[in-house]
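Let's take a walk through a protein fold together, one piece at a time. Have the picture ready and follow along.

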Amino acid sequence: MPTPHVTARCSTCFRTERWTADGTQVVDMEGGRRRPSDPAYRDAWKTLRAWQEGGPVVVGVCDMCAQPMVSTDPHATPITGWTLELPEARVLVGEWLSIDRGDGPAVKATIEQVDTLVGHRTTSERVRSFVGPISTLPFVAFCVALVLAMTLLWLFTSNFFMSFIWFGFSSGGFVGGGYG
Ligand SMILES: [Zn+2]
């Protein structure tokens, strides 16, 4: 009987690895190109939250982007726990959720409580993720201008040749000569 393996996939950069019971790890897909959003804990929580709700189990940490790796294999062994470092608290995600605010022992929490702590993207974060791509605008504008110039050039030359040929036919001049 062949050794059963677990397919682990990074939730963010799609790095895919095959883990066999004897400890061999085969990288099926390198991944690493897709970066986690800023702050990265939002992406991590999305994956951890799905795990808490019975989704794909978190089996490890991605070598490329440090985000959780998940598996949908029925025999996949979940990690013992994941610590989510948030600005205001530390959330421990394991068999259950607990919040450690640093002012006493960690308290058991619900998904909704962690949702509130993780929060949503603020306006300034939205602006930041929008301004990033804007810095590439001059290059994009250059490309658009180049394509436009090529199109205009093509239009101009083809128009020129068309009228040239048309002129030749209609005048009965140099094209074919003497049919007019
Ligand atoms: Zn990754």
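## The nonpolar core

In this predicted model, the largest nonpolar core has 24 residues. Some of its members touch the most other members: W45, L48, V58, V59, M69, L84 and V91.

Helix α1 gives the largest share, with five residues. Leaving aside residues up to four places away in sequence, L48 touches V58, P68, W82, L84 and V93.

## The whole chain

Time to step back for a moment. The protein has four helices and nine strands. Reading from the N terminus, the elements go β-β-β-α-β-β-β-β-β-β-α-α-α.

How much of the protein is buried? Buried residues account for 19% of the 180 residues. As for contacts, take those with a separation of 6 or more: 37% of them join residues 24 or more positions apart.

## A four-stranded sheet

Next up is an open sheet built from four strands, in the order β6-β7-β8-β9, and the pairing is antiparallel. At the edges sit β6 (82-85) and β9 (107-109), and each of these pairs on one side only. From one strand to the next, the twist averages 30 degrees.

Let's follow the chain through part of this sheet. A hairpin takes you from β6 to β7 by way of four residues, and the two strands pair in the antiparallel sense over four bridges. Across that pairing, T83 stands opposite L92 in β7. Then β7 and β8 make a hairpin too, with three residues between them. Here strand β7 (residues 90-93) and strand β8 (residues 97-100) are antiparallel and share four bridges.

## Two faces of one strand

In a regular strand, side chains alternate between the two faces of the sheet. What does that look like in β7? On its covered face you find V91 and V93, and on the uncovered one R90 and L92. You have met V91 already, as one of the core residues that touch the most other members.

Which strands does helix α1 touch? Helix α1 (residues 40-52) packs on the sheet and touches β6, β7 and β8, and its direction makes about 140 degrees with that of β6. Helix α2 (residues 111-118) lies across β7, β8 and β9, and runs at about 45 degrees to β8.

The two helices also pack against each other. Two packed helices are described by the angle between their axes and the distance between the axes. For α1 and α2, the angle is about 175 degrees and the axes are 11 Å apart. Angles over 145 degrees count as roughly antiparallel, so α1 is roughly antiparallel to α2. At the contact, Y41, R42, W45, R49 and Q52 in α1 meet I111, V114 and V118 in α2. Sort the residues of this contact by type and you get five nonpolar, one polar and two charged. Notice W45 in that group: this residue of α1 was also listed among the core residues that touch the most other members.

## Two loop residues with a positive phi

Most residues other than glycine have a negative phi. Let's finish with two residues that go the other way. F14 is not a glycine, yet its phi is positive, at about 65 degrees. F14 lies in the loop between β1 and β2 (16-20). Why does F14 count as partly exposed? Because it has 16 C-beta neighbours inside 10 Å, and a residue needs 20 or more to be buried, or 12 or fewer to be exposed.

A66 is the other one: it is not a glycine either, and it has a positive phi of about 65 degrees. You will find A66 in the loop between β4 and β5. With 13 other C-beta atoms within 10 Å, A66 is partly exposed.

Key:
Residues are numbered from 1 along each chain as its sequence is written. This is a predicted model: local features need pLDDT of at least 70, side-chain atom pairs count only at pLDDT 80 or more; totals for chains, interfaces and linings use all residues. Two strands pair if DSSP finds at least two bridges between them. Axes are lines fitted to C-alpha atoms, for helices over the stretch in contact, and angles run from 0 to 180 degrees between N-to-C directions. Two residues are in contact if their C-beta atoms, placed from the backbone, lie within 7 Å. Angles under 35 degrees count as roughly parallel, over 145 as roughly antiparallel, 65 to 115 as roughly perpendicular and the rest as oblique. Ala, Val, Leu, Ile, Met, Phe, Trp, Tyr, Cys and Pro count as nonpolar, Asp, Glu, Lys and Arg as charged, and the others, Gly among them, as polar. A nonpolar core is a set of buried Ala, Val, Leu, Ile, Met, Phe, Trp, Tyr and Cys residues joined through C-beta atoms within 7 Å.
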